[in-house]
Amino acid sequence: MAWALKLPLTDEVIESGLVQDFDASLSGIGQELGAGAYSMSDVLALPIFKQEESNLPPETENKILPFQYVLCAPTSPAIKLHDETLTYLNQGQSYEIRMLDNRKIGELPEITGKMVKSIIRVVFHDRRLQYTEHQQLEGWRWNRPGDRILDLDIPMSVGIIDPRANPTQLNTVEFLWDPSKRTSVFIQVHCISTEFTMRKHGGEKGVPFRIQIDTFKENESEEYTEHLHSASCQVKVFKPKGADRKQKTDREKMEKRAPQEKEKYQPSYETTILTECSPWPEVTYVNNSPSPGFNSTHNSFPVAEGNGSPSHQPEPVVQVADNLLPTATPQDAQQWLHRNRFSPFCRLFTNFSGADLLKLTREDVIQICGPADGIRLFNALKGRVVRPRLTIYVCQESQQARDHQPKHENGDAAASTFFVYHAIYLEELTATELTEKLAQLFNISPRQINQIFKQGPTGIHVLVSDEMIQNFQDEVCFVLDTMKDNTSDGYHIILK
């Protein structure tokens with residue numbers, strides 16, 4: 001009977017011991033993981049979940065890309081280890097992107113010594129906004145007439161050739177560059193992330209963008225359509241100095257975290273490396289049709305030394321008056337407005353042809369554009385040029401003698417006798433400027449003109465100085481006489 005009473009007690013003890021052991025096992029698991037330390041990123045990092053990556057071919061894992069693009073802006077420290085980097089930018093601030101050539105020896109020999117074309121875009125990171133990109137950009141264009149989302153800072157850039165910005169593509173710029181030469185392009189982003197949110201919470205609640213660079217080489221038709229490489233990075237754009245404050249806030253938050261927590265976040269890198277991606281599907285961006293450049297003379301921008309190969313050197317540009325013609329189409333009129341620094345008013349004159357703009361009166365233009373820009377636009381439309389400060393007319397004495405015709409018996413000169421004078425326009429009113437203009441007239445180097453004299457009373461020779469030129473009467477006429485300098489290969493010029 002005693003044995004019968006003890007058996008249940010023994011079972012209870014055994015059962016109780018098993019339960020305690022199982023509870024201890026569960027509590028140990030909880031202590032090892034902990035509710036706060038649990039992270040899906042840690043789970044995905046386990047070897048069992050990385051079998052797929054380990055099956056990748058070695059050439060894919062260690063692939064060296066032909067180009068590398070580095071955005072000179074620090075990454076955020078508040079990004080998890082396995083997430084994509086995020087970089088904060090200030091609106092309108094110039095940021096450098098270094099265009100690096102990573103090719104091995106003998107790789108892509110067809111572009112050696114040649115230019116490639118790169119297209120930089122600011123696009124949406126969120127897929128939802130990508131589907132409605134056209135509507136989003138049109139709304140931004142309406143709220144910010146004449147502004148661009150993306151611009152190039154030409155004076156700061158190095159090694160870029162023929163930069164272009166199509167007025168219909170506000171978020172895109174393009175340029176040529178030689179991979180064998182140092183190339184850095186400076187960009188400015190003028191939109192902020194909160195401009196595309198339904199509710200305006202501030203910069204940190206704004207939508208992220210992507211800066212994407214697509215690079216192309218020439219095909220057989222010398223068109224840049226053959227894709228070489230694409231890379232992009234994620235950014236957020238804040239109002240001026242907002243990116244610096246956000247970076248500081250993220251850094252202070254990370255400093256307050258426990259050491260084991262910090263290990264789960266990426267460090268902040270000084271620069272942002274753009275990672276390889278698929279080329280942008282908008283094939284209409286890859287075109288070679290003329291688009292307005294960033295200056296009014298149509299010349300390209302070989303910035304710094306050694307930019308360009310012989311096959312891509314721009315032709316010399318002849319300075320001509322950029323007058324708007326009545327036959328200009330609305331598209332031509334838009335490009336003319338951009339070239340002459342009237343971009344803020346392009347939307348207002350979207351459907352205006354050249355004839356429409358030329359019909360506007362001075363009062364109309366001032367009412368539309370305001371007094372300052374209105375007067376400037378009116379003068380540009382009418383092709384008004386600024387008169388030079390001083391105009392003088394010169395004639396070579398030897399030519400004057402040749403142009404003399406024999407006199408008739410009555411002593412009168414022949415009716416066909418005339419003298420050919422050349423106009424010289426001076427702006428600085430200095431002897432150096434006059435020397436340069438006379439050298440152009442004689443088709444010689446300015447160094448070959450030693451002195452310029454003006455014949456004074458009783459035939460004396462007075463040295464021409466800046467002060468003398470400033471006292472010349474406008475449209476005064478001179479006969480030029482040249483004397484060889486016996487002590488050098490130069491000449492003296494006498495104004496008579």
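Visitor: Where do we start? In which hand does H11 cross H12?
Guide: The crossing of H11 past H12 is right-handed. Keep in mind that this is a predicted model.
Visitor: OK. Which residues make that contact?
Guide: From H11 come Arg362, Val365, Ile366 and Cys369. H12 brings Pro371, Asp373, Gly374, Ile375, Leu377, Phe378 and Leu381.
Visitor: What classes are those residues in the contact of H11 with H12?
Guide: There are 8 nonpolar residues, 1 polar and 2 charged.
Visitor: And what angle do H11 and H12 pack at?
Guide: About 140 degrees, with the axes 7 Å apart. H11 covers residues 362-369, and H12 covers residues 371-381.
Visitor: Why is H11 called oblique to H12?
Guide: Because of that angle, H11 counts as oblique to H12. Roughly antiparallel would need an angle over 145 degrees.
Visitor: Got it. Now the sheet. How many strands form it, and in what order?
Guide: 6 strands form an open sheet. The order is S14-S13-S17-S18-S15-S16, and the pairing is mixed.
Visitor: Which strands are at the edges?
Guide: S14 (422-426) and S16 (461-463). Each of these edge strands pairs on one side only.
Visitor: How much are neighbouring strands turned against each other?
Guide: By 35 degrees on average, ignoring direction.
Visitor: Let's start at the S14 end. In what sense do S13 and S14 pair?
Guide: Antiparallel, over 5 bridges. S13 spans residues 390-396.
Visitor: What about S15 and S16? How many bridges there?
Guide: There are 3 bridges, and the pairing is antiparallel. Gln455 has His461 in S16 as its bridge partner.
Visitor: What do S15 and S16 form?
Guide: A hairpin, with 5 residues between the two strands. In the turn, Thr458 has a positive phi of about 60 degrees.
Visitor: Last one. Which strands does H14 lie across?
Guide: H14, residues 431-442, lies across S13, S14, S15 (449-455), S17 (476-484) and S18 (491-495). H14 runs at about 150 degrees to S14.
Visitor: Thanks, that helps.

Definitions and conventions. Residues numbered from 1 in each chain as written. Predicted model: local features only at pLDDT ≥ 70, side-chain atom pairs only at ≥ 80, totals over all residues. Heavy atoms only, no water. Axes fitted to C-alpha atoms, helices over the stretch in contact; angles between N-to-C directions. Helix = DSSP H or I, 4+ residues; strand = E, 2+ residues; numbered from the N terminus. Parallel < 35°, antiparallel > 145°, perpendicular 65-115°, else oblique. Left-handed = near helix turned anticlockwise from the far one by under 90°. Contact = heavy atoms within 4.5 Å. Nonpolar A, V, L, I, M, F, W, Y, C, P; charged D, E, K, R; others polar. Pairing = 2+ DSSP bridges.
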